[in-house]
Amino acid sequence: MLQKRDFYINGHWVKPAKDHDMDVINPSDESVSAVISIGDQADTDAAVAAARAAFDGWSQTPKAERLALVERLADIYDERAAEMGEAISVEMGAPMTLACGSQAGSGSWHIRNFITALKDFEFDRPLNDHTPNDRILYEPIGVCGLITPWNWPMNQVTLKVIPAIAVGCTVVLKPSEIAPLSSMLFAEMMHDAGFPAGVFNLVNGDGMGVGSQLSGHPDVDMISFTGSTRAGTAISKNAADTIKRVSLELGGKGANIIFADADENAVKRGVLHCMQNTGQSCNAPTRMLVERSIYEQAVITAAEVAEACTVDIASKEGHHIGPVVSKMQFDKIQELIKVGIDQGGRLIAGGLGLPEGLDKGYFVRPTVFADVSQEMRLASEEVFGPVLIMMPFDTEEEAIKIANDTVYGLTNYVQTQDGAKANRVARRLRSGMVEMNGQSRSAGSPFGGYKQSGNGREGGVWGLEDFLEVKAVSGWTPE
């Protein structure tokens with residue numbers, strides 16, 4: 001069992017101000033894999049003070065020097081990618097193939113993409129060609145509190161830490177207390193890369209403790225949070241007194257609109273995408289809307305695909321589904337599956353209880369409900385597990401209406417071989433992202449949502465701009 005009680009503050013691993021241990025549970029077998037400390041106000045204050053003291057110097061460091069350190073970090077990350085994958089698998093249950101591939105790989109992907117964006121970013125530019133004495137300066141906002149989730153640990157850590165430090169901010173990272181091991185490994189990488197003391201700090205803790213302390217702290221200039229909409233609301237309220245910037249990436253209830261002219265793999269692709277990472281992705285296509293003329297065949301296909309999905313422990317290689325992250329998540333998902341049955345959803349795959357052959361761990365059967373109506377809880381609540389719902393539609397207009405009938409607006413999906421129709425529907429979907437016909441968004445594309453899915457954008461140039469203030473200067477002397 002790993003002993004991981006220290007925090008990374010001001011360039012050193014330090015003991016917590018008070019003893020407050022917490023077990024990190026392996027969701028595959030419910031064993032204790034590590035012990036961490038939960039931070040106190042004194043720990044938060046120390047980390048914020050270190051970041052504040054480092055800000056003046058770091059913010060004035062030339063871009064080339066910041067870039068060189070991020071490039072060094074990228075090399076170190078790649079060298080230790082296998083360790084990162086193992087840490088993620090143990091802490092949150094991603095099967096080793098997924099953990100070492102997409103999960104750990106997302107960190108390297110984002111670091112490299114931000115290097116590309118930073119190289120071309122102009123922090124000092126004229127207002128326009130006709131106003132030589134007006135200058136626009138992009139300047140780091142200051143000390144940033146970064147609060148990240150457990151479901152894609154390195155994806156979210158690198159989407160926040162890298163752009164913040166790249167533009168000259170200093171940071172305090174609070175990773176999820178459920179899955180902190182990958183972030184502690186990342187802190188080691190930051191140290192080995194040679195970032196100055198205080199530029200990056202890490203304090204473990206829960207949302208009510210360190211999370212609230214950061215969001216309300218008078219010396220924190222910005223909070224960037226990824227997690228539930230409920231927690232995002234609480235953070236926004238707590239941050240309001242200090243008028244700090246709050247960037248939120250929250251929940252989702254993505255619609256996957258499958259028209260009758262979709263390609264033959266659209267339904268299978270949609271089911272597998274929903275089940276990826278055991279359904280624990282905010283941008284998962286969890287609502288499959290199918291044109292009525294192909295609906296019943298789609299139901300048959302979806303059931304077959306879901307039943308063919310295997311479930312097994314995370315330490316194994318392969319393309320199976322692992323456990324969900326915790327008992328609390330397991331219990332919530334089981335409750336919502338039962339609600340779906342009680343409210344009249346047609347259960348066509350999966351259901352309640354552990355999958356066959358597994359008697360411990362937080363495993364959920366890949367589950368599909370057909371004939372779900374808008375009034376059912378499964379149509380509106382984010383399950384955050386391997387649960388797909390299916391609904392028929394008759395017209396393009398009806399599909400758009402159903403897709404937009406949600407408080408969320410993160411990612412929607414469109415499947416049709418009619419390019420004009422695809423573009424037309426994409427324009428009307430109220431979401432920050434739309435993916436069509438199985439084509440993923442490219443490097444540097446902004447990630448974020450509308451409505452209760454949050455605000456701000458992560459990734460690429462938008463990710464850099466999220467951590468910058470804009471200063472307008474008149475009377476500038478051209479150099």
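This is a predicted model: local features need pLDDT of at least 70, side-chain atom pairs count only at pLDDT 80 or more; totals for chains, interfaces and linings use all residues.
**Entry 1: a surface patch**

**Entry 2: an open sheet**

I then turned to a sheet of three strands, which is open, has the order E6-E7-E21 and is paired in antiparallel fashion. Its edge strands are E6 (124–126) and E21 (468–474), each of which pairs on one side only, and from one strand to the next the twist averages 25°.

**Entry 3: a buried glutamate**

Is Glu-435 buried or exposed? I found Glu-435 in strand E19, residues 433–436, and its relative accessibility is 11%, so Glu-435 counts as buried, the cut-off being under 20%. Its side chain makes a polar contact of 3.3 Å with the side chain of Arg-441.

**Entry 4: salt bridges**

I reminded myself that side chains of opposite charge can pair when their charged atoms come close. The count of salt bridges comes to 28, and I looked up several of these in turn.

In one of them, the side chains of Asp-21 and Arg-5 meet at 3.0 Å, N to O. This pair links distant parts of the chain, 16 residues apart, with Asp-21 in strand E4 (residues 21–26) and Arg-5 in the loop between strand E1 (2–4) and strand E2 (7–9). Asp-21 is partly exposed at 41% relative accessibility, and Arg-5 is partly exposed as well, at 32%.

Which parts does the salt bridge between Arg-112 and Asp-75 tie together? The closest N and O atoms of these two residues are 3.0 Å apart, and because Arg-112 lies in helix H4 (residues 96–120) and Asp-75 in helix H2 (residues 63–79), the pair ties together parts that are 37 residues apart in sequence. Arg-112 is partly exposed at 33%, and Asp-75 is partly exposed at 35%.

Next I noted the salt bridge in which the side chains of Arg-424 and Glu-396 meet at 2.8 Å, N to O. Here Arg-424 belongs to helix H14 (residues 419–428) and Glu-396 to helix H13 (residues 396–404), 28 residues apart, and Arg-424 counts as partly exposed at 40% relative accessibility.

Last, I recorded a network of salt bridges that links Lys-4, Arg-80, Glu-83, Glu-188 and Asp-192.

Terms used. Residues are numbered from 1 along each chain as its sequence is written. Side-chain values use heavy atoms; hydrogens and water are left out. Two strands pair if DSSP finds at least two bridges between them. Helices (H or I, at least four residues) and strands (E, at least two) are DSSP runs, numbered from the N terminus. Axes are lines fitted to C-alpha atoms, for helices over the stretch in contact, and angles run from 0 to 180 degrees between N-to-C directions. Buried means under 20% relative accessible area, exposed over 50%, partly exposed in between (1.4 Å probe, protein chains only). A polar contact is a pair of N or O atoms within 3.5 Å; within protein, one must be able to donate a hydrogen and the other to accept it, and residues adjacent in sequence count only if both atoms are side-chain atoms. A salt bridge is a side-chain nitrogen of Lys or Arg within 4 Å of a carboxyl oxygen of Asp or Glu.
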